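Open the model in your viewer and keep the selection tool at hand. The tour goes stop by stop.

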Amino acid sequence: MRKLAKFLVDDMALFVVAAGVLGAWHPELLRWVGGYVSWLLGLVMFGMGMTLSVDDFRQVLRQPRYVALGVLAQFLIMPLVAFGLVQAFGLPPELAIGVILVGTCPGGTASNVIAYLARGDVALSVSMTMCTTLLAPIVTPALTYFYADARIEVSATAMMLSIAEMVLAPVLLGLAAHHWLGTRIQRIELALPVVSVVCIVLLVGGVVALSAAKLATVGPVLALIVILHNLLGMGLGLGLARLCRLDSRRARTVSIEVGMQNSGLAAALAVMYFDPVAAIPGAIFSVWHNISGSLAANFWARRDENVQAKEVVYNE
């Protein structure tokens, strides 16, 4: 099980790409996923909750300044960049709301793994993801309503309730299960990444399948927008962290957290409240941010190794 979990997590981007290709090529095979989007996302968030403990909440109290900076950057940079890209490219309403939803959603669960691989501050990463996720039922609908064009009808109250059901409740249930199970949680911890990867892969494949016809006409432009959104988010997050004089480990963590969104939630909300086409940005983002995050983690890890090697040579 350990080898299977490592294989699925390490190569998640490949499975996500494969699911997207299958959804576009043979949409009839994955359209059924559309009816289970909220359940799949709930499973992912429950798994995230089971990896958290009361100690993780204490981390927020130990470094509140860094967590607050990261949360502010998350909900300030990504929505603003999304709105700018929507305006710059003149996207139609159904795609515009999809890009805005990606920007207003909380940090993605994969960011914690990427922060670990990048030799960042994992405790800060977990604290930021946890805080943005807990704030999402209020902040995401409010920001979506603020940034969405007047032509797009946004039911902030209904969206707030949905996020509470799909995100907040499963996370809290997972946290409670972790607390009650105690050391017994170790028996099922290895299965959690497997379940999360399977759910994310199905989500991406299903969303692409529901919008396969439209994807063929807007794919390249939308892919460019998604890539710019992610890269600008990571770059501006890093710049803000550096401006606030965070050290390298914390700065790269903020960069990763800001740039990597809970795109599964964005896709789920798009399918539930708007048009399946609005879920395409979330699906593409799910693929791309795992690729860019892995590349960034590899860059930072190698840079640290090179610095350490030079220090060893110098000391000798």
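A residue counts as buried when its relative accessible area is under 20%, and as exposed when that value is over 50%. By that rule, buried residues make up 52% of the 316 residues in the protein chain. Keep in mind that this is a predicted model.

**The whole chain**

Start with a cartoon view. The protein chain shows 15 helices and zero strands. The accessible surface comes to about 14700 Å², and carbon and sulfur atoms hold 67% of it. Next, think about contacts. Take those in the chain with a separation of 6 or more: 86% of them join residues 24 or more positions apart.

**The nonpolar cores**

In soluble globular proteins, nonpolar side chains tend to be buried together. Which residues have the most contacts inside the largest nonpolar core? Select Leu52, Leu91, Val99, Leu222, Leu246 and Val254. The core they belong to has 75 residues. Its largest share comes from α5, with 12 residues.

Zoom in on Val99. Set aside residues up to four places away in sequence. Val99 then touches Ala82, Val86, Leu91, Leu222, Ile225, His229 and Pro281.

Now move to a second, separate core. This one has nine residues, among them Ala110, Met234, Ile256 and Trp300.

**The aromatic rings**

The structure holds three aromatic pairs. Select Phe83 and Tyr147 and show their side chains. The ring centres lie 5.6 Å apart and the planes meet at 50°. Planes under 30 degrees apart would count as stacked and over 60 as edge-to-face, so this pair is tilted.

Where do the two residues sit? Phe83 lies in helix α5 (residues 64-89), and Tyr147 lies in helix α8 (residues 122-147). The pair therefore ties together parts that are 64 residues apart in sequence. Phe83 is partly exposed, at a relative accessible area of 30%. Tyr147 is buried, at 11%.

Is Phe146 buried or exposed? Phe146 counts as exposed, with 62% relative accessibility. Together, Phe83, Phe146 and Tyr147 are linked by ring pairs into a cluster.

**Thr132, in helix α8**

Stay in helix α8 and pick Thr132. Thr132 is buried, at 1% relative accessibility. Follow the side chain of Thr132: it reaches the backbone nitrogen of Gly107 at 3.3 Å. What else does Thr132 contact, leaving aside neighbours within four places in sequence? Besides Gly107, the contacts are Val71, Gln74, Phe75 and Pro106.

**Ser286, in helix α15**

For the last stop, select helix α15 (residues 280-315) and find Ser286 in it. Ser286 is buried, with a relative accessible area of 6%. The C-alpha atoms of Ser286 and Ser263 are separated by 5.7 Å, while the two residues are 23 residues apart along the chain. Ser263 is also one of the contacts of Ser286, once neighbours within four places in sequence are left aside.

Conventions: Residues numbered from 1 in each chain as written. Predicted model: local features only at pLDDT ≥ 70, side-chain atom pairs only at ≥ 80, totals over all residues. Heavy atoms only, no water. Phe/Tyr/Trp six-rings, centres within 6.5 Å; stacked < 30°, edge-to-face > 60°. Helix = DSSP H or I, 4+ residues; strand = E, 2+ residues; numbered from the N terminus. Buried < 20%, exposed > 50% of the residue type's maximum accessible area, 1.4 Å probe, protein only. Core = buried A, V, L, I, M, F, W, Y, C linked by side-chain atoms within 4.5 Å. Contact = heavy atoms within 4.5 Å. Polar contact = N/O pair within 3.5 Å; in protein donor to acceptor, adjacent residues only side chain to side chain. Areas by Shrake-Rupley, 256 points an atom, 1.4 Å probe, with all protein chains shown as cover.
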